[in-house]
There are 2 protein chains.
Amino acid sequence: MANVTIKEVAEYAGVSQATVSRVLNHHAYISDDVRQRVQQAMDALGYQPNRSARRLRAHSSDIMGLIIPDIQNHLFQTLVRGVEDAAYARQLNVVLCNTDDNPDKQTAYLRVMQAERAAGVVVIPTRSNDGPVLAPVREAGIPIVLVDREVVNFEADIVKADNVRGACEATTHLIRLGYQRIAIIAGTQSLTPGRERLRGCYEAFDEMGIRVDSALVKVGNFRLESGYELTRECMSMAEPPDAIFVANNLMSLGALRALHELGIRIPEQVALVGFDDMPWAGDLNPPLTTVSQPGYELGQQAVRLLLQRAESPDLPYNKVILQPRLVVRRSCGAYLSVNHRD
Amino acid sequence: MANVTIKEVAEYAGVSQATVSRVLNHHAYISDDVRQRVQQAMDALGYQPNRSARRLRAHSSDIMGLIIPDIQNHLFQTLVRGVEDAAYARQLNVVLCNTDDNPDKQTAYLRVMQAERAAGVVVIPTRSNDGPVLAPVREAGIPIVLVDREVVNFEADIVKADNVRGACEATTHLIRLGYQRIAIIAGTQSLTPGRERLRGCYEAFDEMGIRVDSALVKVGNFRLESGYELTRECMSMAEPPDAIFVANNLMSLGALRALHELGIRIPEQVALVGFDDMPWAGDLNPPLTTVSQPGYELGQQAVRLLLQRAESPDLPYNKVILQPRLVVRRSCGAYLSVNHRD
DNA sequence: GGACGATGTGAAATCGATTTCAGTACTTTA
DNA sequence: TAAAGTACTGAAATCGATTTCACATCGTCC
């Protein structure tokens with residue numbers, strides 16, 4: 001009924017609180033007789049140790065924070081799964097925080113994590129200059145692992161995909177297929193993924209000895225509307241592109257929508273390559289060629305780094321870079337059959 | 001640096017701990033002089049009150065649990081947003097727990113919430129007989145609000161969509177369009193949404209005076225693979241259906257995939273109506289007609305009920321039923337133009 | 001001018017767990 | 001047989017906040 005405390009268990013079992021605590025924590029040096037009596041008492045009373053009290057004493061917590069910008073983004077969903085599974089396996093409970101890419105919300109959540117004395121925090125930071133917000137949390141003894149985005153003047157463990165390589169491969173793919181006017185819809189340039197992906201494109205152009213038409217390079221903000229707008233802009237040019245590379249999944253959806261509305265056939269009139277795969281990318285119209293990031297593995301690695309850091313705080317920082325993979329579908333490069341989907 | 005406690009703040013400011021606590025909690029009867037000194041001390045030391053200690057005293061928490069079956073399901077994603085926004089506005093922090101529809105995980109998370117003395121828990125239960133797992137949590141004084149799925153022998157506040165009506169509308173829509181052999185791919189029948197949606201279909205058939213061909217009613221489990229398999233089953237029948245109603249979003253994607261693989265044209269050869277909308281439903285091939293549930297509002301209402309319950313535990317239980325909406329797109333009913341997307 | 005209320009502050013108890021320290025009983029070892 | 005472990009248990013301190021109670025000061029009212 002009400003909440004049972006260790007004191008009541010102790011009385012019920014006829015032992016001291018210390019003994020109950022020892023049974024609870026699987027101490028050595030407890031007689032079988034007492035252990036059983038205490039166990040029975042706990043069962044009978046439905047005892048649940050109060051975690052606040054526990055944490056207060058232990059100065060540590062079995063909670064870890066996961067701060068992401070947008071739960072509607074499929075990449076982050078898979079990431080969450082990866083983090084969750086890895087954490088669950090290690091008895092850590094994940095508190096998921098959604099910042100909406102709002103620095104204030106991020107600050108609020110970081111504050112919560114610090115006050116909570118979390119075991120650690122995995123963060124996809126909202127801005128590349130979030131260092132001053134992150135540093136005090138780390139100084140308070142809470143390990144921080146960054147994912148996906150780097151922060152200036154804040155060295156830390158980080159897990160990310162090889163954005164340069166991914167974008168480079170995608171662009172090379174387009175060039176090899178013979179597309180002449182390739183538009184780039186890049187993402188937020190104040191964030192490393194945005195910059196790196198754009199750099200990857202340039203590298204591809206360089207390697208293949210192609211001059212870039214800067215009029216065809218548009219910079220968006222990773223949101224759906226942005227992809228939509230910029231695609232319309234591209235297609236209304238005097239000399240529209242014959243292919244578009246879009247730097248993330250949400251903007252790809254925006255691009256797709258714009259092209260549909262304009263009645264433009266993909267890939268016949270314009271080919272499309274996106275970044276970040278989605279399980280239903282093959283069911284879009286047309287099935288979308290994308291660079292697939294290993295979101296689940298990003299999450300798992302993040303937890304691994306977090307625990308490693310918690311164990312030995314003074315090791316040099318790690319940078320784990322996972323490789324993306326180009327998945328070719330109908331929107332660019334796969335002409336197998338009209339209704340084929342992968 | 002290290003973690004600052006109230007004691008250190010008190011010393012720094014030259015006052016007692018009690019006074020610092022009063023400043024912290026905006027007590028009346030604090031002189032401006034002292035208030036300022038304490039504020040400065042807190043700022044100077046970077047003080048963050050320890051939440052465990054706070055909670056231990058207060059017997060209450062500013063954490064609420066949100067237990068969902070699958071974060072990859074778009075309905076639950078919007079729900080999460082709804083809950084989060086409503087909670088954020090009321091200074092509650094949401095701990096998101098993903099059960100994978102695994103009752104053991106659910107039990108584990110409920111235990112955590114109880115031990116945490118959470119302010120409340122919003123649950124989409126894994127099974128309709130989860131009563132015995134939920135009851136003790138509520139008895140421990142933690143308000144519980146169910147969403148989407150009901151539980152037998154466990155009356156509680158609940159928010160859900162009008163599944164019967166939604167399915168009925170969808171089916172009626174199909175019948176009105178003149179489809180003769182309508183297949184139903186229903187969801188898990190041990191869960192109320194699965195049962196109610198199927199019932200809605202039957203009601204539509206009844207109202208329109210149509211006899212149901214039971215060979216065309218298949219029961220799946222709400223997962224993508226299930227929709228895929230059952231659709232293949234349907235289409236390999238001697239007399240295949242000319243329309244399919246699928247009872248949730250993931251199974252719809254499975255159905256779509258199966259039809260694509262079989263090279264079947266939608267809606268020319270078979271029309272398709274799904275349940276649960278997705279932002280990119282209009283970008284699928286073809287744009288998908290679906291019954292849209294108000295996920296965001298479900299989440300908001302859930303938090304509202306939770307707080308109401310916390311405030312007055314003895315009020316009779318509420319049942320909030322929100323209305324879904326049929327969104328007609330190309331996969332069934334909208335023939336406007338080849339590339340139109342909404 | 002004494003009583004009363006409003007204002008402002010501190011010492012100490014409290015929340016529910018863990019942990020240290022000390023003590024008892026029982027073995028083992030020299 | 002005394003000394004030294006080993007096994008087991010309890011009293012009390014502790015973690016960092018909040019809250020009660022007591023007390024001091026000041027103004028006001030009759």
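## Around DNA strand C

In this predicted model, 28 residues sit around DNA strand C, and A:I6, A:S21, B:T19, B:R22 and B:R57 come nearest. A residue makes that list if one of its heavy atoms lies within 4 Å of the strand.

Helices here are DSSP runs (H or I, at least four residues), numbered from the N terminus.

## Some atom pairs

A polar side-chain atom of B:T19 lies 2.5 Å from a phosphate oxygen of DNA strand C, while a polar backbone atom of B:S16 is 2.9 Å from a phosphate oxygen.

## Where the chains meet

Now for the protein chains: 55 residues of chain B are in contact (heavy atoms within 4.5 Å) with 54 residues of chain A.

The rule finds twelve salt bridges across this interface, each a side-chain nitrogen of Lys or Arg within 4 Å of a carboxyl oxygen of Asp or Glu. One of them joins B:D100 to A:R81, with the closest N and O atoms 2.5 Å apart. On chain B's side, α5(B) gives the most, with eight residues.

## Reading the numbers

Residues count from 1 along each chain, chains are lettered from A and ligands numbered from 1, in the order written. Local features need pLDDT of at least 70, side-chain atom pairs count only at pLDDT 80 or more, totals for chains, interfaces and linings use all residues, and side-chain values use heavy atoms, leaving out hydrogens and water.

Note on methods:
Polar contact = N/O pair within 3.5 Å; in protein donor to acceptor, adjacent residues only side chain to side chain. Helix = DSSP H or I, 4+ residues; strand = E, 2+ residues; numbered from the N terminus.
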